[in-house]
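Please read it alongside the sequence and the coordinates.

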Amino acid sequence: DTSWAGQKKFLGSRGVKEEIINFDAHVVTAKNREIVRKILKEKEELFEHKNILRVSVAAAPLAAWVKAQVKYSLVLEKIAPLEKILGQLSDSLDTSTHRVEECERE
C-alpha cells in the first residue's frame, strides 16, 4: 500500500524501527527495485524533500533512505560477481594458510 494512510499505518506498527535499522539491501530483487523506482519516478514531486517536510518531518529522512536503498541495491547487484570471486579467493587463501601451517609443523 503506497497511500499516505498505508504508510502511516506501517510507520506506526510494532518493530518498524528495528526493521528499518536491520534492513539488508542484498534482499532487494531487481523486480522490487524497479517497482519502487517506477513509483519514485511517477510521483517524483511527492518525494521531493521540501514537499515531504511540509507533510511530515519524520517521513522526509525515510524517503531519502528509500531512495538511497534503491541506489545501493543496484550497486550491490553490480558488484555481486566481484563479491563471489572475493569469497572464492578468501576460501583459497584460508586453505593455503592452513596448508602452510601444517607444513611448518612437520
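The largest pocket is lined by 35 residues, and T2, Q7, V36, F47 and V66 are the ones nearest its centre. The structure is a predicted model, in which local features need pLDDT of at least 70, side-chain atom pairs count only at pLDDT 80 or more, and totals for chains, interfaces and linings use all residues. Residues are numbered from 1 along each chain as its sequence is written, and side-chain values use heavy atoms, with hydrogens and water left out.

**Largest pocket**

- A pocket is an open set of points on a 1 Å grid over the protein atoms alone, with protein on both sides within 12 Å along at least five of seven lines; lining residues have an atom within 4 Å of a point.
- The volume of the largest pocket is about 1,200 Å³, where volume is the space filled by probe spheres set on the points, and grid points are joined across faces, edges and corners.
- At least two lining residues come from each of α1 (4-12), α2 (16-21), α3 (30-42), α4 (49-55) and α5 (59-105).
- Helices here are DSSP runs (H or I, at least four residues), numbered from the N terminus.
- Helix α5 supplies eight residues, the largest share of the lining.
- Sorted by class, the lining has 21 nonpolar, 10 polar and four charged residues.
- In this sorting Ala, Val, Leu, Ile, Met, Phe, Trp, Tyr, Cys and Pro count as nonpolar, Asp, Glu, Lys and Arg as charged, and the others, Gly among them, as polar.

**Nonpolar surface patch**

- Y72, V75, I79, L82, I85 and L89 make up a nonpolar patch on the surface, and together they have about 550 Å² of accessible area.
- Such a patch takes residues with over 30% relative accessible area and no salt bridge, and joins nonpolar side chains (Val, Leu, Ile, Met, Phe, Trp, Tyr) within 5 Å.
- Accessible areas come from the Shrake-Rupley method with a 1.4 Å probe, and for residues only the protein chains shown count as cover.
- L82, one of the patch residues, lies in helix α5 and is exposed at 55% relative accessible area.
- Exposed means over 50% relative accessible area, buried under 20%, and partly exposed in between (1.4 Å probe, protein chains only).

**Salt bridges**

- The whole structure has four salt bridges, each defined as a side-chain nitrogen of Lys or Arg within 4 Å of a carboxyl oxygen of Asp or Glu.
- E34 and R37 are separated by about one helical turn because they are three residues apart in helix α3.
- E34 is partly exposed at 42% relative accessibility, and R37 is partly exposed at 36%.
- E42 pairs with K38 at 3.9 Å between the closest N and O atoms; these two residues are four apart in helix α3, about one turn, and both are exposed.
- E102 and R99 form a salt bridge at 3.6 Å, N to O, and lie three residues apart in helix α5, about one turn of the helix.
- E102 is partly exposed at 37% relative accessible area, as is R99 at 45%.

**Other positions in helix α5**

- E77 is in helix α5 and counts as partly exposed at 41% relative accessibility.
- The C-alpha atoms of E77 and A30 are 8.4 Å apart, although 47 residues separate them along the chain.
- K84 is also in helix α5, where its relative accessibility of 57% counts as exposed.
- Between the C-alpha atoms of K84 and A68, 16 residues apart along the chain, the separation is 23 Å.

Definitions and conventions
1 Å grid on protein atoms, 1.4 Å probe; cavity = no way out; pocket = protein on both sides within 12 Å on 5 of 7 lines; lining within 4 Å. Patch = residues over 30% accessible without salt bridge, like charges linked within 9 Å, V, L, I, M, F, W, Y side chains within 5 Å.
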